[in-house]
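Subject: Handover of a structure, with notes

Dear colleague,

I am passing a structure on to you, and my notes on what was found in it follow below. Please read them with the sequence and the structure open beside you.

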Amino acid sequence: MTTLETMGEKAKAAARQLGACSGADRNRALEAMADALMERLAELLAANRRDVERAELSGMAPAMVDRLRLTEERVRGMAQGIRDTRGLADPVGEVVEGRRLENGLRISKVRVPMGVIGIIYEARPNVTSDAAALCLKAGSAVILRGGKEAFESNVAVTRAMQAGLRAAGLPSDAVQLVEDTSRETATQMMRLNRYIDLLIPRGGAGLIRTVVENATVPVIQTGVGNCHIYVDESADPSMAAAITVNAKASRPSVCNAAETLLIHRTAAPRMLPAIAAGLREKQVRLRCCGRAAALLPDIETEPASEEDWGTEYLDYILAVRVVDSLEEAMEHIARYGTGHSECIVTESYENAEKFTAGVDAAAVYVNASTRFTDGGVFGLGAEIGISTQKLHARGPMGLRELTTVKFIVNGSGQIR
């Protein structure tokens, strides 16, 4: 039996124990996990410093290093995130629907734990605690496989959470970390059908594509966010500038950040210079089509290539294109978008309706930044990621999306 298979066996056994315990038991474990993170704060920060030093020496982009870095404030945020998850409504046992048949059978559809959930993710150590807390609250065990960039941080976070589980009397195998970060082991995990019930990749386009192409375990695609802002001809100029700058520059390394600005040809001469100036103040590099560049003679730009339209930069870079119509903007989004979050800035009710009806994405915005695509912000509580597919879950994936359903049938001797 391989190491992963052994982990799978332990996770299955832990999942059975979690399924038998109460929501109060799981909540006590979450509180203990949060306490353990803070008790081991110095250990976590020391491990993270070693990861950050290696990342900087390797030439990792500053925005990605920021995703990797932990501070005392961020660890406190991780602990608070676990406590916030503790306070969410427990989905396990919720009766989704029920009915009585003519023959007297009473049928109920009830939410139950998924079982064992696998998470493959990249250089964000807070995902380790977020994912573990959500899976545990939803009654499932979790096998985590982080990237090599955050290896020491992930080990330290996992050990802290396992200590919390033990302190609460629950199996520490409910949260496990794959410590071999090789591609071969990742591929093996993607095919661990006997043990993993659901696999969720969190990271860039390359990671998600690799998982989708190689996994035999059921997969939910999350995270790739080639998000667009379309500035319509009727847009309010100040609103267009504020939304575009926020969507790109408030935190460029996350999946709901904008990567492309599309602007109507009649709006571009009036609005693009001010939007570009606001972006440049935030150190955003602009990769422009020819028409956009011609409108910005006093602002440094770079020529956009075909590749730029399909790139999720996760950095201070924004592609800019002038389009002739709303329909052209929608066609561009259909061709290059990833189904995450798309925005139209417009004062036209008709154009807003066309955009929301015609754009195929998990979240479609009218006059608001794409940066709001988040489970907590939407009032759904903590999330495991943003699903960009259509089966089972779409958009922010919270606790309910981490459960499945079971039909419970009560009879009084009926036969067929």
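Two strands are said to pair if DSSP finds at least two bridges between them, and the strands themselves (E, at least two residues), like the helices (H or I, at least four residues), are DSSP runs numbered from the N terminus. With that in mind, strand 9 (residues 285-288) and strand 11 (residues 317-323) pair in the parallel sense over four bridges, and Leu 286 has Leu 318 in strand 11 as its bridge partner. Strand 9 also pairs with strand 10 (residues 302-303), again in the parallel sense, over two bridges, where Arg 287 has Glu 302 as its bridge partner.

Before going further, please note that this is a predicted model, in which local features need pLDDT of at least 70 and side-chain atom pairs count only at pLDDT 80 or more, while totals for chains, interfaces and linings use all residues. Residues are numbered from 1 along each chain as its sequence is written, and side-chain values use heavy atoms, with hydrogens and water left out.

An open sheet of four strands, paired in parallel, has the order 5-4-3-6. Strand 5 (175-177) and strand 6 (198-202) stand at its edges with a single partner strand each, so one side of each is left without a neighbour in the sheet. From one strand to the next the twist averages 20 degrees. Strand 4 (residues 141-145) is joined to strand 5 by three bridges, the two running parallel, and Val 142 has Val 175 in strand 5 as its bridge partner. Helix 7 (residues 151-167) packs on this sheet and touches strand 3 (116-121), strand 4 and strand 5, its direction making about 160 degrees with that of strand 5; such angles run from 0 to 180 degrees between N-to-C directions, the axes being lines fitted to C-alpha atoms, for helices over the stretch in contact. Helix 8 (residues 183-190) packs on the sheet as well, touching strand 3, strand 4 and strand 6, and its direction makes about 150 degrees with that of strand 3.

Salt bridges

The structure holds 28 salt bridges, a salt bridge being a side-chain nitrogen of Lys or Arg within 4 Å of a carboxyl oxygen of Asp or Glu. One of them joins the side chains of Lys 109 and Glu 97 (3.9 Å, N to O), and this pair links distant parts of the chain, with Lys 109 in strand 2 (residues 106-113) and Glu 97 in strand 1 (residues 95-100), 12 residues apart. Is the Glu 259 of another pair buried or exposed? Glu 259 is buried, with a relative accessible area of 0%, and Lys 248 likewise counts as buried at 0%; here buried means under 20% relative accessible area, exposed over 50%, and partly exposed in between (1.4 Å probe, protein chains only). The side chains of Glu 259 and Lys 248 meet in a salt bridge (2.8 Å, N to O), which links strand 8 (residues 258-264), where Glu 259 lies, to helix 10 (residues 237-249), where Lys 248 lies, 11 residues apart. A further salt bridge joins Arg 280 and Glu 300 (3.8 Å, N to O); Arg 280 is partly exposed at 25%, whereas Glu 300 is exposed at 60%.

Two buried residues

Thr 85 lies in helix 5 (residues 72-86) and is buried, with a relative accessible area of 2%. Not counting residues up to four places away in sequence, Thr 85 touches Leu 30, Ala 133, Leu 134, Lys 137 and Ala 382, contact meaning heavy atoms within 4.5 Å. Gly 385, in the loop between strand 13 and strand 14, is also buried, with a relative accessible area of 4%. Leaving aside its neighbours within four places in sequence, Gly 385 is in contact with Arg 202, Gly 395, Pro 396 and Met 397.

With kind regards
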